[in-house]
Amino acid sequence: EQRGSSIDDRVAAVRALVDDARYAEAEARGREILADLEATSGPNSLDVAKVLKPLIDTLRNEGQTSAPETLAFAERLVDITESRLGRDAPEVADALVYEGAVLSERGDAAGARASFVRALEISVASRGADAPINGIILNNLGHVSEQAGDFEHARGFYERALAIKEKTSGADSINYAISLRNLGFVLTDLG
């Protein structure tokens, strides 16, 4: 890989390694790109934010969600995106989804819920109520509500996620099936 490659190409190469479950390579490449970008673009550039996403995914897939660095990267992603694009930019919603996922996997249901609620508010305002990402965010809200034992709220979030996923992906999509399965578990818990 050449340093002259575009940042998008370099990040795509890391994303491809993550998608291929080649996590050690993805982490090494991601860290290399991160160091290069911090030196050339500054530590708070949007290019740095771009590489943080697959790096966070890599660390999560490697089982390093509880490592302080994973949460620091997720918080940094939100901070950079907010400072560069404004608090209500749709990209901030995307960054908050990363943060919420890390917090959820760390067992911080309240922190994850706060990130997901804010992500949903921003996304609905900027993309509309039926944007596909909102189905994902609602599914995540259902999950953290379920983690907290709040099955009624989880049910509502999963039902809303299903409605969006049916409109955007279709009732035969894997995304729809995941939310339907999750709703089934909650309905079982509710009796």
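## The largest pocket

A pocket is an open set of grid points with protein on both sides within 12 Å along at least five of seven lines, and its lining residues have an atom within 4 Å of a point. In this predicted model, the largest pocket has a volume of about 160 Å³. Its lining is made up of 13 residues. Those that lie nearest the centre of the pocket are S104, F116, N139, N140 and H143.

Which helix gives the most to the lining of the largest pocket? Helix α7 does, with 4 residues. Helices α5 (90-105), α7 and α9 each supply at least two residues of this lining.

## Helix α9

Helix α9 covers residues 174-190, a run of 17 residues. After α9 comes G191, which has a positive phi, near 90 degrees.

The buried residues of α9 are Y176, S179, N182, L183 and V186. Seen down the helix axis, the buried residues fall within an arc of 130 degrees, so they line one face of α9. They pack against two other helices, α7 (132-147) and α8 (151-168). On the face turned away from this buried side, α9 carries the exposed residues I174 and T188.

## Two buried residues

S179 is placed in helix α9. Is S179 buried or exposed? S179 counts as buried because its relative accessibility is 0%, where the cut-off for buried is under 20%. Leaving aside neighbours within four places in sequence, S179 is in contact with N139, Y158, A161, L162 and K165. Between S179 and S115 there are 20 Å in space, C-alpha to C-alpha, and the two are 64 residues apart in sequence.

T58 belongs to helix α3, which comprises residues 46-61. T58 likewise counts as buried, because its relative accessibility is 0%. Not counting residues up to four places away in sequence, T58 touches V18, Y23, A26 and E27.

## Confidence of the prediction

The average pLDDT of the protein is 94, and 98% of the residues score at least 70. Among the elements of the protein, helix α4 (residues 68-85) has the highest mean pLDDT, 98, whereas α9 has the lowest, 89. Where pLDDT is low, the predicted coordinates should not be read in detail.

Conventions:
Residues are numbered from 1 along each chain as its sequence is written. This is a predicted model: local features need pLDDT of at least 70, side-chain atom pairs count only at pLDDT 80 or more; totals for chains, interfaces and linings use all residues. Side-chain values use heavy atoms; hydrogens and water are left out. Buried means under 20% relative accessible area, exposed over 50%, partly exposed in between (1.4 Å probe, protein chains only). Contact means heavy atoms within 4.5 Å. The expected span of a helix is 1.5 Å times one less than its number of residues. The arc is that of the directions from the helix axis to the C-beta atoms. pLDDT is the predictor's confidence in each residue, from 0 to 100. On a 1 Å grid over the protein atoms alone, a cavity is a set of points where a 1.4 Å probe fits but cannot get out, and a pocket is an open set with protein on both sides within 12 Å along at least five of seven lines; lining residues have an atom within 4 Å of a point. Grid points are joined across faces, edges and corners, and a volume is the space filled by probe spheres set on the points.
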